[in-house]
Amino acid sequence: MKDNVVLTMRGICMTFPGVKALQDVDLTLYKGEIHALMGENGAGKSTLIKCLTGINNFEAGEIRLDGIDGPIRNHSTLDAQKKGISTVYQEVNLCPNLSVAENLYIGREPLTKFHTIDRKAMVEGAKRIMADLDFDIDVTQNLENYSLALQQMIAIARAVDMDCKVLILDEPTSSLDDNEVEKLFGLMRRLRDEGVSIVFVTHFLEQVYAVCDRITVLRNGQLVGEYPIAELPRVKLVAAMMGKDFDDLADIKPEGGADLSNAEMMIDAKGLSHKGTIKPFDLEIRKGEVVGLTGLLGSGRSELARAIYGADKAQTGTLKVKGQEVKINAPIDAMNLGMGLLPDDRKAEGIIADLSVRENIILALQAKRGMGHLLSRAEQEKLADEYIETLQIKTASKETLIKQLSGGNQQKVILARWLATDPDFLILDEPTRGIDVGTKTEIQKLVIQLAQEGKSIMFISSEIEEMLRTCNRLAVLRDGAKIGELDGELTQEQVMAAIAGGGDSE
Amino acid sequence: MKKPENAVKERRQINGNTLLLLITIGLFIVMYAVGCVIYAGKGFTHLQNFLNILITNAGLLCVACGMTCVMLTGGIDISVGALIAMDCMLLAVGMSEWGMNPILLCILVLVIGVVFGMFQGFCVGYLEIQPFIVSMAGMFFCRGMTAVISTDQVSVPSDSLFYTWANAKITIPFGGYYNKKGILQVPYIRVGVVIALAVLVIIFLVLRYTKFGRSLYAVGGSEQSAAMMGLDVKKTKMEAYVLSSFLCSIGGICYCLNTMAGSVSQATGLEMDAIASSVIGGTLLTGGVGNVIGSFFGVLINGTISSLVKTNGKLLSSWANIATAALLCFFIVLQSVFALLKDRKK
């Protein structure tokens, strides 16, 4: 093995029923580098990681690890951990009911001479580990008392303390805000300098350029190439991931846009609020308009949408839909008024993992019609076929279980679910989070197309760029309150300034 | 913008689970104090009354300790009542009809408990069958076996060594009182209480200071995470059921020391008492939260209710059930409220 090379994967092949998930994929990891593993959903990133960590049993190829003679094959994550390969996933894999110290040490607790756990040594060790990484926290508190970002850092701290040579971070930044991401990057850089090799899987292009040294790009289960970061500018990276030249995203929005100020009023909220989540706000949305909600994570974007939709029943204020004052007590009322909400937590609130694509698509329409009016099988299949076709959902068949689809395609199914109810007003909460660039563009185009057809859309996203591309108007939120609206030609800087606000920002 | 560290400090809060335990302990004290005031004339204030609660519920305490361990993993074991009946029947028949040595019999009972627990644990841990179904099968099996051994009400012979153990009084050097005839009544406990308290202390230490104990919490907190952190989830689950059945068998011996008999309908519903005690003591059915100190007070509350109803003398004994039902509701609602508050804070 060459000097400095920590890990090589050569010619990895892996087949799932009917799909070649990986064909002849290589990955080389050097000591002390941050290596981005990029690709669209379904490109094979997760599969490759799982081959490395022993969750998937690859069919051909070999993995070699520095310090071990001959090829290795892990049979479980535990196996991989013992060889120095640790993984931290997007969802934190720690126990919320145990203390931070226990989470750091479980499975390898310091023992007293009676073979019982030395709690004192454990707490002290935990303090030392956290202090080493510049975190000043009470390690005896339960993990659940800390923010998701900190939990993730603790997961990383655990991995690092277990002498890991290879640290795999699988979409670690998806649920973090900018500040927390910066903190994570600081930690990653530091570990790199200490000689840890990091594989960083992410969808955020900016983040790749912020921390990574080299990039390996996969597409459709095949290796596209491995590049030093300096040799692969953003446009080329996207092109490599998509396998085609990136169509100019800025062009998807029709020039100027129609003047909607005289269009019919769709939603007219006055003083709507829900205690503890969103302070009273006014919001007007006209027919054919795309209104974006922008603000930091936790600023009340989703909460505002939930108050309109009745997911959190509004406690004050009035809501007019198409000029009629209405009372929404629960989501079903909103649905009957022609609303739809695509929730941000796709896994928990969107998909029903063990139902088929067809069943997932017809769900909302069936609920709206009520149990007395069952959709016939033929109708269901027609709907499913129609949307698989129009949204280009990549699935083996309409009877495939939705959990077998990639994230982007799951999102399309959920979109189809709402489109099937033919809504006049659609709330999309982070519809493009965690999905690949290509599908993102498709969804953005779809949003604009829907608006042109006369539907009103509320669009929530953390990516300002994306909002600028798709929205006619932006409502800005901060600390659970709507603080203003922006329209006209905007730049990212203007929006960020509005989000940050004056005075209390540092 | 706020720095994360500041955010961290804001999140510090009183641990809801500790609070639940304190409420349980407080409730027991209040209940007992009320009993002392109302039934002062009927001997409720004497130390012996409290000790009697321990004597009657020694078996239940052992079972509740085991149940808590199983519930910590997110499981449940409803076979325990039937297993106790089988143990008692085996002890009674073994001594009276087969003439077996009581020490040997006790060992046999414990071995049966372990084997039985291994079977149940294997089904739950390795075959991943619902614990409710597995232990329900176990319950039917044990009840059935009890009847196979004997359908009669069998008593432990009064000339056996076991009888001597059962009647041994361990006196307490304080808290005595003079009865109406002026004779000093020295408070005492029985062997079963000593065994049960020993079990309580050992399990408390095991849960807190051993890898196995912490693994139970980890598995109950998040099975997937526990596996990711390198714990053997299957083995841990299996061990929890082995422990439960083993402790249940110890409980069976304590139970028999108290009743001195075996019968098919013995200890019916005891599993529910054990679950109720654990829940009242702050153990969550979803796993990951709870400890045996809480369960101990759960058992005491259970016993105090019965004792109150018994001391009253006029009340139908079923009122004890209704009181337990009310308490269970109270605690479950309390747990939910705490969980909701926690979510709200996030």
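Reader: Which radius of gyration would a compact globule with 506 residues have, and what does chain A have?

Author: Good place to start! The radius of gyration is taken over C-alpha atoms, and the globule rule is 2.2 Å times the number of residues to the power 0.38. For 506 residues that rule gives a value near 23 Å, and chain A, at 25 Å, agrees with it. Along the principal axes, the C-alpha atoms of chain A fill a box of roughly 75 × 50 × 50 Å.

Reader: Before we go on, what should I know about the model and its numbering?

Author: Residues are numbered from 1 along each chain as its sequence is written, while chains are lettered from A and ligands numbered from 1 in the order in which they are written. This is a predicted model, in which local features need pLDDT of at least 70, side-chain atom pairs count only at pLDDT 80 or more, and totals for chains, interfaces and linings use all residues.

Reader: What ipTM and pTM does the predictor give the complex?

Author: The ipTM is 0.79 and the pTM is 0.71. There is also pLDDT, the predictor's confidence in each residue, from 0 to 100. Chain B has a mean pLDDT of 88, with 94% of its residues at 70 or more. In residues 1-13 of chain B, however, the pLDDT is below 50, and this stretch has 21 contacts in the model beyond near neighbours in sequence. Where pLDDT is low, the predicted coordinates should not be read in detail.

Reader: What counts as a contact?

Author: Two residues are in contact if their C-beta atoms, placed from the backbone, lie within 7 Å. Among contacts with a separation of 6 or more, residues 24 or more positions apart account for 68% in chain A and for 77% in chain B.

Reader: Which domains does the assignment give chain A?

Author: Domain bounds come from an automatic or database domain assignment. Here chain A is given domain 1 (5-249), domain 2 (265-338 + 424-506) and domain 3 (344-422). Taken over C-alpha atoms, the centres of domain 1 and domain 2 of chain A are 34 Å apart. Ten residues from domain 1 of chain A and eleven residues from domain 2 of chain A take part in their contact.

Reader: How many nonpolar, polar and charged residues are on the domain 1 side?

Author: The classes are simple: Ala, Val, Leu, Ile, Met, Phe, Trp, Tyr, Cys and Pro count as nonpolar, Asp, Glu, Lys and Arg as charged, and the others, Gly among them, as polar. The side of domain 1 of chain A that touches domain 2 of chain A has four nonpolar, three polar and three charged residues.

Reader: How many helices and strands does each chain have?

Author: Helices (H or I, at least four residues) and strands (E, at least two) are DSSP runs, numbered from the N terminus. Chain A has 17 helices and 19 strands; chain B has 14 helices and six strands.

Reader: How should I read the span of helix α11 of chain B?

Author: The expected span of a helix is 1.5 Å times one less than its number of residues. Helix α11 (residues 233-259) of chain B has 27 residues and reaches 38 Å from its first C-alpha to its last, close to the expected 39 Å.

Reader: Is α11(B) mostly covered or mostly uncovered?

Author: A residue is buried if 20 or more other C-beta atoms, placed from the backbone, lie within 10 Å of its own, exposed if 12 or fewer, and partly exposed in between. By that count α11(B) is mostly covered, with 22 of its 27 residues buried.

Reader: What should I expect of phi in residues other than glycine?

Author: Most residues other than glycine have a negative phi. In chain A, N220(A) has a positive phi near 50 degrees and sits in the loop between β8 (214-219) and β9 (222-228). E430(A) also has a positive phi near 50 degrees; its loop runs between β16 (425-429) and α15 (437-452).

Reader: Which residues does G288(B) touch?

Author: Leaving out residues up to four places away in sequence, G288(B) touches N97(A), L72(B), Y217(B), G220(B) and G221(B). G288(B) lies in the loop between α12 (270-280) and α13 (292-312) of chain B, and with 24 C-beta neighbours inside 10 Å it counts as buried.
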